[in-house]
Amino acid sequence: MRGVSKRRSAVPYAGQAVVAAVMLFAVWMAATYLLEGLRLTLQRPDAITDRLVYALVANLVIGVLGSVLVLWIFAKAGTVDIRRAGFNPWRYSLIAVLAGAVLGFVLYLAQGGWLLEPMVLVNVYAQVLVVSMAEVLVCWCVLGSLVEASLLHRNRWLAVLVATVVSSVLFGLYHFAHSPPFNTWELALLLTLIGLVTSIFFFVSRSVYGTIAFHNSLAIYGVIDTLEASGSLDVFREPVVPLLVMAAAAVLVLIGGHLLLVARTRPGHG
C-alpha cells in the first residue's frame, strides 16, 4: 500500500490539473458555439466584426490566455514542465516553426491544395491562425501535457499514448461547436485523424510555435474550400487588415505568455 500511495503522489495536483484542463476546454467550446457556430459567423463573408469578436473572446482570451494561466498554475505547482508543454527556448522554437511550416505546406499540397495566390493564402492563414493557436494550446499544450503529466509516473509511453488519444478526440469533438460543414460526424472523424497527425508533431517536437505553424497549414485547405463553396473567396483577394492585425496581436500575446511562464516558473522565483 505504501508503494501505491507513493506512486500516486509522484505528480502533485495531477487530478486537479486534468479537471482544470477539461473545464478550460468546455468553456472554450461553449464560447466557440455562442460566437461562431450559433451565429454561422464563418459562413457570412460580410461578418468581419463578428469574426473579430469570436477570434478575440473565444480564442485569444479563453484559448490563449486561459491556457497560459492554467499552465502557469500547474507549472508552479510542479505538475507539469513547461518545456514538455511546448514552451522551449527561442532558437529551438524557430527551427520548429520552419519545420512545421514547410511540412504543413507539403501536406496542404498533398491534400490537393489547388490555390496558391499569395494574398489569399496570407489572409486565410491570418484568419485561421488565432483559431489554430487556441486549438493547439487548449488541446495539446494544456489537455495533452497535463494528461501526460498525470500518467508519467506510471509509464512514459502509456502517458503519451493516452494524451495523444484524448487531445485528438476532443479536438475532433470540439468542431461540433462550429458552423456547418464542420459540425458533422464525418468531418469530426476526419479532424480527429488530423488531430492525430498534429499530436505526433507536438509530442515529437514539444514546440507550441512549431505545432501552430504545422497545424495552421493543415487547416487552410478546408477553409479555402468552404470559402469557395460559399462564394466568399473574392473578399480574401485583397488585404483584410483587421484579420492581419488580429493575427499579429495573437502572436505577440502568445510570446508575452511564454515570457510570463518562463519568468514565473523559474526555479527560486517566489
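With which residue does arginine 237 form a salt bridge? The legends below concern a predicted model, and the opening view takes up this pair.

**View 1. The salt bridge of arginine 237 and glutamate 117.** Arginine 237 pairs with glutamate 117, and the closest N and O atoms of the two are 3.0 Å apart. The two partners come from distant parts of the chain, with arginine 237 in the loop between helix H8 (208–229) and helix H9 (241–264) and glutamate 117 in the loop between H4 and H5, 120 residues apart. Arginine 237 is partly exposed at a relative accessible area of 32%, and glutamate 117 is likewise classed as partly exposed, with a relative accessibility of 33%.

**View 2. The salt bridge of arginine 84 and glutamate 148.** The side chains of these two residues meet with an N to O distance of 2.6 Å. Since arginine 84 belongs to the loop between helix H3 (48–76) and helix H4 (90–110), whereas glutamate 148 belongs to helix H5 (residues 118–151), the pair ties together parts that lie 64 residues apart in sequence. Arginine 84 is partly exposed, at 27% relative accessibility, while glutamate 148 is buried, with a relative accessible area of 1%.

**View 3. The salt bridge of arginine 206 and glutamate 148, and the network around it.** Here the side chain of arginine 206 meets that of glutamate 148 at 2.7 Å, N to O. Together, Arg84, Glu148 and Arg206 are linked in a network of salt bridges, and the count of salt bridges in the model comes to five.

**View 4. The largest nonpolar core and the surroundings of leucine 254.** This core has 61 residues, and those with the most contacts inside it are Trp28, Leu71, Val80, Phe87, Leu146, Val208 and Leu254. Two or more residues are given to the core by each of helix H2 (14–37), H3, H5, helix H6 (156–174), H7, H8 and H9, and H5 gives the most, with 18 residues. When residues up to four places away in sequence are not counted, leucine 254 touches Val64, Phe87, Met133, Leu137, Tyr209 and Ile212.

**View 5. Another nonpolar core, apart from the largest one.** This core consists of 14 residues, among them Tyr108, Val223, Phe236 and Leu243.

Conventions:
Residues are numbered from 1 along each chain as its sequence is written. This is a predicted model: local features need pLDDT of at least 70, side-chain atom pairs count only at pLDDT 80 or more; totals for chains, interfaces and linings use all residues. Side-chain values use heavy atoms; hydrogens and water are left out. A salt bridge is a side-chain nitrogen of Lys or Arg within 4 Å of a carboxyl oxygen of Asp or Glu. Helices (H or I, at least four residues) and strands (E, at least two) are DSSP runs, numbered from the N terminus. Buried means under 20% relative accessible area, exposed over 50%, partly exposed in between (1.4 Å probe, protein chains only). A nonpolar core is a set of buried Ala, Val, Leu, Ile, Met, Phe, Trp, Tyr and Cys residues joined through side-chain atoms within 4.5 Å. Contact means heavy atoms within 4.5 Å.
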